[in-house]
Amino acid sequence: MVIRRVLRCTCAVGILFVQGCVREIPAVPDEPIVQSNVAVGRVVAVLTGERSRIYEPAVRSFEVQNRQTQERFTVEVESNDERFIVPLAPGDYELIRVQINEGPFLSMAQLGSVFSVGQDPVTYVGIWRFGVDSPKYGRMVSVSMINDEEDRTQALDTLASKDPSLDLRAVTTVLPNPTEQQARLYEVMPYPRVPRYFRRHWW
């Protein structure tokens, strides 16, 4: 019985470890792109309500998951307006999570927009706009994805400078579906260094 319980615990830990595996990558790679398929776009964060903090919202990171392999990729952004170039193998992906930071404050929302990366070397996925509510109970983030031809041209210019070997003649434009959604923002620890008694709002 003891051995069986140990085996069960070991299996449970193993499952949690596999589920927790995630690959962290920068929004724009420093080195030339070595993978033949990339998803390229832009993320923008804006405050949609009244400003009650001295910090402007920014996208800290977003996470996409391969729907077939369950492999997850966390794209580190750290900006309120940033290009992203993500090497992704052909397949179906889902934007599952975004982290928004305002100075020392960090919030997270669970999302669910699906897009596909095909056989073409470049897939343009548009501008992803994250509209963030003012800090309050029940705080929301409104997400919208749009196709912007000017941004698409700028993205291809960036790709050409990063990796001249990429074939930019074949570019697919794919917007995640749904292109608009709302999700609840949850404050994430560690909270700023304030005594627990004064932490009256857990947004």
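Modeller: A residue is called buried under 20% relative accessible area, exposed over 50%, and partly exposed in between, with a 1.4 Å probe and protein chains only. This is a predicted model, in which local features need pLDDT of at least 70 and side-chain atom pairs count only at pLDDT 80 or more, whereas totals for chains, interfaces and linings use all residues. Residues are numbered from 1 along each chain as its sequence is written, and side-chain values use heavy atoms, with hydrogens and water left out.

The setting comes before the detail. The chain holds 2 helices and 12 strands; these are DSSP runs numbered from the N terminus, helices being H or I of at least four residues and strands E of at least two. Along the sequence their pattern is α-β-β-β-β-β-β-β-β-β-α-β-β-β. Of the 203 residues in the chain, 44% are buried. With contact meaning heavy atoms within 4.5 Å, 73% of the contacts between residues at least 6 apart in sequence join residues at least 24 apart. The chain exposes about 11400 Å², of which carbon and sulfur atoms supply 54%; accessible areas come from the Shrake-Rupley method with a 1.4 Å probe, and for residues only the protein chains shown count as cover.

I now turn to the charged pairs. Side chains of opposite charge can pair when their charged atoms come close. The criterion used here for a salt bridge is a side-chain nitrogen of Lys or Arg within 4 Å of a carboxyl oxygen of Asp or Glu, and by this rule the count comes to 9. One of them joins the side chains of Arg 42 and Asp 81, at 2.8 Å from N to O. This pair links distant parts of the chain, since Arg 42 lies in strand S2 (residues 38-47) and Asp 81 in strand S5 (residues 81-87), 39 residues apart. Arg 42 counts as buried at 17% relative accessibility, whereas Asp 81 is partly exposed at 42%.

Arg 42 also forms a salt bridge with Asp 151, at 2.9 Å from N to O. Here strand S2, with Arg 42, is linked to helix H2 (residues 149-162), with Asp 151, and the two residues are 109 apart. Asp 151 is buried, with a relative accessible area of 4%.

A further salt bridge is formed by Glu 78 and Arg 60, at 3.9 Å from N to O. Glu 78 belongs to strand S4 (residues 72-79) and Arg 60 to strand S3 (residues 58-66), 18 residues apart. Arg 60 is partly exposed, with a relative accessible area of 32%. Salt bridges that share partners join Arg 42, Asp 81, Arg 83 and Asp 151 into one network.

Strand S8 (residues 122-132) pairs with S9 in the antiparallel sense over 6 bridges, pairing being assigned if DSSP finds at least two bridges between two strands. Within this pairing, Trp 128 has Met 145 in S9 as its bridge partner. S9 is also joined to strand S11 (residues 180-184) by 5 bridges, again antiparallel, and Ser 142 stands opposite Gln 182 in S11. Ser 144 is placed in strand S9 and is buried, with a relative accessible area of 16%. Leaving aside residues up to four places away in sequence, Ser 144 touches Ile 127, Trp 128, Arg 129, Thr 179 and Glu 180.
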